[in-house]
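Trainee: Before we look at any detail, could you show me how to read side-chain exposure and charge pairing in a model, one feature at a time?

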Amino acid sequence: MPDDFLPRAATSAAERPAPSWTKKPPPKTMATTGPRGKITARRYHAPQDPNEHARKIAENVLDAWYQSFGGSSVDIPLGTVAGLSLLRNVPGLADWVLNLQPEDLPRLLKEIYLGHWMKRPDLINRAIRLHDWAWNPNPYRQQLRAVHAVTHAAINTGLLELTGHDDPGQRAEADILSPLLTGLRHKSDKKWRGEYHTPACLTDLMANMTVDKASAQPGMSFREPAIGSGGMFRSVAQRLRDLGFNTHDFYKYGNDVDSLSAGCAAINAIIWDLGPRCLIGCADSLALDDDYSKTRAEAAKAFEQRDRYMETATTIVAHRRALALLDQLMPSKETAA
């Protein structure tokens with residue numbers, strides 16, 4: 001199966017003009033100074049508050065990205081952390097990732113996103129801006145070094161300890177992508193977009209006030225017209241879990257006019273296990289004709305596309321197995337002679 005079957009952004013990474021800083025000789029880093037010993041993940045003493053832990057991860061990732069001269073493409077460090085957040089924290093994984101070379105990381109991230117595309121193609125398609133850069137066949141070397149630095153900063157600050165739990169309730173204790181996206185946005189950009197993410201303490205309070213045992217019934221829906229990175233859905237899911245409900249039994253429809261925020265919400269929906277009835281759209285909720293029908297149609301199309309690709313892949317594998325069996329059953333010309 002080709003690794004470029006996911007939908008690409010309108011302007012592919014290969015078509016983007018090279019930034020001016022790529023023409024300068026990159027500074028020497030640990031990644032470029034010859035062979036090195038095996039790296040072991042640091043034992044990070046994380047803050048007890050998961051939200052403080054998430055902010056610390058974002059802070060260290062921002063420092064690593066800019067100190068490595070990563071450039072102004074906010075989707076690259078954001079997509080790197082988002083992809084790593086989809087991993088489960090199995091023993092030895094952190095050390096293995098830390099010992100990868102910079103040029104190995106795009107392939108790792110592609111495999112992570114493709115693996116989750118098999119289950120939720122609609123959400124991975126929605127997050128296209130977070131992973132589109134990884135498909136660039138000729139990546140800038142300095143950006144790869146910056147991605148390498150971001151990966152080390154995130155893991156060494158305890159990212160997998162925060163997002164790698166098997167229990168989705170533990171994974172949903174904090175939103176790692178919200179403080180990172182906010183930190184990557186320029187102040188004037190946030191003001192122009194009117195983008196101000198609601199703090200977790202407020203979304204938790206709102207969920208506790210509006211969702212109770214008597215009113216919550218499986219099959220009901222929650223709608224968020226300005227979802228941001230999905231913080232309100234995180235609080236609702238945690239509240240439902242506290243009340244003994246399965247969050248998969250509830251519909252959740254979220255929109256955001258910004259594609260990067262909608263992509264973060266889509267990845268968080270997977271991290272937090274919001275369930276198959278959670279749909280994320282990129283649309284203007286103030287539009288009169290917006291009733292989430294477009295979001296539902298796009299999700300259905302994504303699943304149809306996945307099924308077509310999987311059917312093609314299954315057929316190719318079956319043909320290859322048949323040819324291999326035929327080679328075993330048929331004597332070669334040399335033997336017959």
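Trainee: Is Glu-59 buried, partly exposed or exposed?

Mentor: Buried means under 20% relative accessible area, exposed means over 50%, and partly exposed lies in between, with a 1.4 Å probe and protein chains only. Glu-59 has 41% relative accessibility and therefore counts as partly exposed. Please keep in mind that this is a predicted model, in which local features need pLDDT of at least 70 and side-chain atom pairs count only at pLDDT 80 or more, whereas totals for chains, interfaces and linings use all residues. Residues are numbered from 1 along each chain as its sequence is written, and side-chain values use heavy atoms, with hydrogens and water left out.

Trainee: Which residue forms a salt bridge with Glu-59?

Mentor: Side chains of opposite charge can pair when their charged atoms come close. A salt bridge is counted when a side-chain nitrogen of Lys or Arg is within 4 Å of a carboxyl oxygen of Asp or Glu. Here the partner of Glu-59 is Lys-56, with the closest N and O atoms 3.4 Å apart, and Lys-56 is itself partly exposed at 29% relative accessible area. Helices are DSSP runs of H or I with at least four residues, strands are runs of E with at least two, and both are numbered from the N terminus. Because Glu-59 and Lys-56 are three residues apart in helix 1 (residues 50-67), about one helical turn separates them.

Trainee: How many disulfides does a search of the whole structure find?

Mentor: A disulfide is a pair of cysteine sulfur atoms within 2.5 Å, and the search finds zero of them. Among the cysteines, Cys-201 is exposed at 57% relative accessible area, whereas Cys-278 is buried at 0%.
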